[in-house]
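User: Take me through the labels used for this model. I want each value set against its definition.

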Amino acid sequence: MSRVELNTLRKEFGETTALDGITLSVADGEFLVLVGPSGCGKSTLLRTISGLETQTAGDISVDGEIVNTTPPKERGVAMVFQNYALYPHMSARRNMTFGLGSHGSFTDDEIAQMVSEVAATLGIGELLDRRPGELSGGEKQRVAMGRALLREPELFLLDEPLSNLDAKLRDEMRTELTHLHDEIDATTIYVTHDQTEALTLGDRVAVMNNGQIEQVDPPQQLYDVPASQFVAEFIGSPQMNLFEGNVTATNGRLHVERGRFSTTVPGSPQTVDGGRFTVGVRPEDLYLADEAAGQQYSDPCELRVELSETLGDSVVLYATDGETTFRVRTGARQQFGTGDVVSVVADPERLHLFDTDTGVAVYHSGTGPPAARAVTRQ
Ligand code: ATP
């Protein structure tokens, strides 16, 4: 296991700043996921930690030792790339074992035993004699994973390792990865642009944007208490409803208004005087008035259905008050047609407020002001 510390890490490619001052600690044995949109710097960060790229400025340390100039081979790192990086002329078995027996570290029998165990875990036992050209994308990906696992690394760096698998296999491999991590206990840094993968796999998730880390937190904290509008929009599907609202605080209550939508939240923050605010409410925190009967929710707001999406376990309505289209997640098996009018209420304990100019979260109802919680914003 390894503890990794990054201190104001910077990486420039000519005019492009790929990493813009990354400070992050990854604990011994932790599974940390880096998530963010394409081009935000995830792969560059992983490659810089591995030593394949050299940082322009800042420090990387592993177990307290600075490794800024340590060659990749000496960092105790195994990396699985998005594009597999397999040798085309070698069988899957040879790709996995290449270099393992050097320096007499393992006997041939030991290697054969290790390969059959890892191959069984990854479901590639039957494919070991094939070359990469005879394997599907998903199979190549698993061979690359096997090669990394056989190295029993202290630090495991994975760059979108499941991106080429079909949905069913991806689900299975996600579960398998969690088991593997529990078993081998190696510190793992995992890159993905898929927020579901990030939330399901990570002990903590770091959300990146434009070469910076916006927030690092456990998955539920990230979802419930996003530190910025960017994180709120990126995490959660369907996306959080966000709209600029008229926000006032009087007599210890916060009043939010936008067109026909209005709600009052008990317990008002002091931070809302005078600024411009964007209000956030997740689709599952909006209810059809019938569903919420008896709850202390906002005044009903009449919306016209534009589109209804069936997800199987729920239905997502896109419904408008003429100015704003709201996403509303309702129970399964309800039938709505375009033009239907629905009466919608909000749970006032689940509202989020962001400073419209900076995007920084200023208030989350029901959870107290952001400063009181362990949100890390860098
Ligand atoms: P994706 O999810 O699409 O793989 P990413 O978040 O991993 O994206 P990076 O590949 O780290 O993003 O790229 C970050 C930025 O650095 C991008 O603007 C990219 O174009 C740039 N970049 C990355 N590698 C190089 C390179 N070798 N030369 C020049 N620019 C690069």
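What follows is a short exchange on terms and values.

Analyst: This is a predicted model, with residues numbered from 1 along each chain as its sequence is written. Local features need pLDDT of at least 70, side-chain atom pairs count only at pLDDT 80 or more, totals for chains, interfaces and linings use all residues, and side-chain values use heavy atoms, with hydrogens and water left out.

User: Why is Gly-275 called partly exposed?

Analyst: Buried means under 20% relative accessible area, exposed over 50%, and partly exposed in between (1.4 Å probe, protein chains only). Gly-275 has 43% relative accessibility, so it counts as partly exposed. Gly-275 sits in the loop between β13 (261-266) and β14 (277-281). Strands here are DSSP runs of E, at least two residues; helices are runs of H or I, at least four.

User: How many helices and strands does the protein chain have?

Analyst: Eight helices and 21 strands.

User: What makes the largest nonpolar core a core?

Analyst: A nonpolar core is a set of buried Ala, Val, Leu, Ile, Met, Phe, Trp, Tyr and Cys residues joined through side-chain atoms within 4.5 Å. The largest such set has 43 residues, and Met-96, Tyr-190 and Ile-235 have the most contacts inside it. This core draws at least three residues from each of domain 1 (4-229) and domain 2 (230-364). Another core, of 27 residues, lies apart from it; Val-281, Leu-303, Val-315 and Tyr-363 are among its members.

User: Which residues does Met-96 touch?

Analyst: Contact means heavy atoms within 4.5 Å. Leaving out residues up to four places away in sequence, Met-96 touches Val-115, Val-118, Ile-124, Leu-128, Val-143, Gly-146, Arg-147, Leu-150 and Arg-151.

User: How do you know where domain 1 and domain 2 lie?

Analyst: The bounds come from an automatic or database domain assignment. It gives 4-229 for domain 1 and 230-364 for domain 2. Their centres, taken over C-alpha atoms, are 37 Å apart. The contact takes 19 residues from domain 1 and 20 residues from domain 2.

User: How much of the protein chain is buried?

Analyst: Buried residues make up 49% of its 378 residues. Among contacts with a separation of 6 or more, 65% join residues 24 or more positions apart.
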